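Q: I have a chain open on my screen and would like to go through it piece by piece. Can we start with a surface residue and work inwards?

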Amino acid sequence: MSSHAIAIRRSPRQRDRTAGPSTWMLAPALTFFGVFAIIPLLGVAVLSLMSWDGLGTPEFAGLANWQRVFSDPVTLNAMWLTLGMTVLSYAVQAPLSILLGVFMAGSEKYRALFSVLYFLPLLFSAAAVGITFKALMDPNFGLAKAFDVGWLAQDWLGNPQLAFYVLILVISWSFVPFHSLLYQAGVRQIPNSLYEAAMLDGAGRVRTFFSVTLPQLKYTVVTSSTLMIVGSLTYFDLVFVMTAGGPGNSTRILPLDMYLTGFRSYQMGPASAIALILVVVGLIVSLALNKFSGSDQMESQMEGA
């Protein structure tokens, strides 16, 4: 009997199983993920139940570290600061990223020039950005001295009422270009026929944006929002370089609190508990965004789909 006849007699389920790629192709990626993500995470979970200063022998402490984390006013304040930074940075980054992405998606040459300027922050390391802004905002020799502008001569990073908001602006300046790039790519995938239909219906630019562009960017918004919100739980380098959590504890967000607890106070158990909190919150937020947005059942929004 020919191989063609054997293939015909196979059930549809068997044909589908043999037609797709082998699941063994996932083995390298799963192995890499298990070794460098799952195993360290399990180690952190175990360490959160231990009392260890990083040098001696770990001793079992049970839930004492968790009780300490949720009763420590510094850590509780860090949680609120992290929540505030997440909300405010998203409120700044999301609209700016969408507008810049839509603007840069145009075919005019001057927009391409602006695109290059907007993407410059992506080329700089977080440490370089933090050091530069820290120097620019110094009231003794920063922008205030360079331009002789009175209101700039403030201790932007030394004032507890200003430092937190300055960090949000610097963080937004650093990450808006990346999200703008996502929206630029999304806008360029929208069929021109939709814009032509909107123009025939007499829709202006604002109406076209809200009725055509924004709905077509639904899944790009979901992706960008997930990266923004989950990424805000990992802000560390910029905050550490610019303020190190000060003045006082006014900018001591949870990732920085984890570092200071573990590597400055040598309390690895509570630091591990804080790390697990960040992981769990990040997973919950990511899964919630994907679930409620329906992006786990994505359908093509392209023309002809």
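**Working through the chain**

A: Leu113 sits in helix H6; helices (H or I, at least four residues) and strands (E, at least two) are DSSP runs, numbered from the N terminus. The model is predicted, so local features need pLDDT of at least 70 and side-chain atom pairs pLDDT 80 or more, while totals for chains, interfaces and linings use all residues. Residues are numbered from 1 along each chain as its sequence is written, and side-chain values use heavy atoms, with hydrogens and water left out.

Q: Is Leu113 buried or exposed?
A: Leu113 counts as exposed because its relative accessibility is 55%. Buried means under 20% relative accessible area, exposed over 50%, and partly exposed in between (1.4 Å probe, protein chains only).

Q: Which residues make the nonpolar surface patch?
A: Tyr110, Leu113, Phe114, Leu117, Leu120, Leu123, Phe124 and Trp173 make a patch of about 810 Å². Helix H6 (residues 109–118) gives the most to it, with four residues. Patches are made of residues with over 30% relative accessible area and no salt bridge; like charges are joined within 9 Å, and nonpolar side chains (Val, Leu, Ile, Met, Phe, Trp, Tyr) within 5 Å. Areas come from the Shrake-Rupley method with a 1.4 Å probe, and for residues only the protein chains shown count as cover.

Q: OK, the inside now. How many residues has the largest nonpolar core?
A: The largest nonpolar core has 22 residues, and Met85, Met137, Val166, Val170, Met242 and Ile253 have the most contacts inside it. H5 (73–104), H7 (126–136), H9 (163–188), H13 (237–242) and H14 (254–263) each supply at least two residues of this core. H9 gives the most to this core, with six residues. A nonpolar core is a set of buried Ala, Val, Leu, Ile, Met, Phe, Trp, Tyr and Cys residues joined through side-chain atoms within 4.5 Å.

Q: What does Met137 touch?
A: Not counting residues up to four places away in sequence, Met137 touches Gln154, Trp156, Leu157, Val166 and Val170. Contact means heavy atoms within 4.5 Å.
A second, separate core of eight residues includes Ala78, Leu233, Leu254 and Ile274.

Q: Switching topic: how many salt bridges are there?
A: The count comes to one salt bridge, a side-chain nitrogen of Lys or Arg within 4 Å of a carboxyl oxygen of Asp or Glu. Arg252 forms it with Asp257, and their closest N and O atoms are 2.8 Å apart. Arg252 and Asp257 are both buried. Side chains of opposite charge can pair when their charged atoms come close.

Q: Where is Ser48?
A: Ser48 is in the loop between helix H3 (27–47) and strand E1 (50–51). Ser48 counts as buried because its relative accessibility is 1%. Residues up to four places away in sequence aside, Ser48 touches Gly62, Asn65, Trp66, Gly269, Ser272, Ala273 and Leu276.

Q: And which strand holds Glu59?
A: Glu59 is in strand E2 (residues 59–60). Glu59 is exposed, with a relative accessible area of 54%. Leaving aside neighbours within four places in sequence, Glu59 is in contact with Leu49, Met50 and Ser51.

Q: Last one: what does the secondary structure of the whole chain come to?
A: The protein chain has 15 helices and two strands. Buried residues make up 34% of its 305 residues.
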